[in-house]
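Me: I would like to go through this model by question and reply. Please keep the terms defined as they come up.

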Amino acid sequence: ETAQAGLPKADPVLIKRPALRPWAKLPAGPVRGLYEVNGNAVAVGGNQFCILSANRTVQVVGEGAVDSNPATFAWNGQQGGQIMVTSGRLGYVFDQPTTDFTQIVNPGFPADVAACEYLTSMGIVRIHDSNTFYYSAPNDFNDWNALSQFSTSYTADNKLGMIVSHTDLLLAGVNRSEFWNNTGDLETPFQPIGGAVVEQGTCAGYSLQRLDNAIFLLQGDERGSRQVVRTTGYNFQRIST
């Protein structure tokens with residue numbers, strides 16, 4: 001950094017900062033996903049699903065498909081005891097009681113999945129290049145019905161990002177976004193929230209993150225905007241310069 005900024009003869013100076021040290025190393029790379037479950041961690045490095053323990057040991061419990069996208073995770077709590085992983089456009093389940101890691105082979109599970117989430121006891125998966133989503137049976141990521149699906153109805157563009165916050169499901173598209181929630185209806189549990197449509201989408205679907213009691217993302221729309229925004233209620237608020 002420059003010392004005495006603004007003076008004609010300002011000198012550069014190297015500011016001291018705390019150093020970093022490795023905590024653990026995965027057997028394979030790159031790191032494609034990291035997820036916290038009740039103070040513990042799971043990770044995907046390359047094609048390997050790993051458990052990271054508090055004593056810094058890494059245990060490989062399974063392998064999966066790989067593509068250029070990050071791996072995503074969902075956990076159904078103590079009731080289900082399962083961690084769902086999407087990787088390489090396929091779905092997998094890690095069963096915590098048995099430590100088994102298996103691919104989801106239920107005939108109702110869709111092909112070409114892009115990401116997963118968890119809301120009100122059900123797993124939700126987003127499908128690549130579409131505005132369609134599927135949801136699992138309650139507390140069982142291995143139980144899927146091909147008819148248990150929904151598509152965004154207020155907007156028609158492909159949805160690139162999906163994240164749960166405050167019991168709402170944000171579905172961020174190429175140009176527009178919708179908020180959905182679970183109404184408790186057994187036939188159609190997920191429905192759009194009336195009026196909760198944002199005339200902005202995202203240019204990076206995996207940028208959606210829960211931070212500071214809100215959702216942060218890289219925004220995009222039909223005008224090509226590129227701004228960092230956060231949710232304020234059912235709207236996006238620009239926070240970048």
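Me: Which residue of strand 2 does V31 stand opposite?
Reply: This is a predicted model, in which local features need pLDDT of at least 70, side-chain atom pairs count only at pLDDT 80 or more, and totals for chains, interfaces and linings use all residues. Residues are numbered from 1 along each chain as its sequence is written, and side-chain values use heavy atoms, with hydrogens and water left out. Strands are DSSP runs (E, at least two residues) numbered from the N terminus. In strand 2, the residue opposite V31 is G45.

Me: How many bridges join strand 1 to strand 2?
Reply: Two strands pair if DSSP finds at least two bridges between them. Strand 1 and strand 2 run antiparallel, and the number of bridges joining them is six.

Me: What is the average twist from one strand to the next in the open sheet of four strands?
Reply: The open sheet has the order 1-2-3-4 with antiparallel pairing. Its edge strands, pairing on one side only, are strand 1 and strand 4 (58–63). From one strand to the next, the twist averages 25°, with axes as lines fitted to C-alpha atoms and angles from 0 to 180 degrees between N-to-C directions.

Me: What volume does the largest pocket have?
Reply: On a 1 Å grid over the protein atoms alone, a pocket is an open set of points where a 1.4 Å probe fits, with protein on both sides within 12 Å along at least five of seven lines; lining residues have an atom within 4 Å of a point. Grid points are joined across faces, edges and corners, and a volume is the space filled by probe spheres set on the points. The lining has 26 residues, with T72, F73, E117, Q209 and R210 nearest the centre. The volume of the largest pocket is about 570 Å³.

Me: Which strand gives the most to the lining of the second largest pocket?
Reply: The second largest pocket holds about 180 Å³ of space. Among its lining residues are V37, N40, W75 and F94. With three residues, the strand that gives the most is strand 2 (residues 40–45).

Me: Why does Q191 count as partly exposed?
Reply: Q191 is found in strand 16 (residues 190–198). Buried means under 20% relative accessible area and exposed over 50%, with partly exposed in between (1.4 Å probe, protein chains only). Q191 counts as partly exposed because its relative accessibility is 27%.
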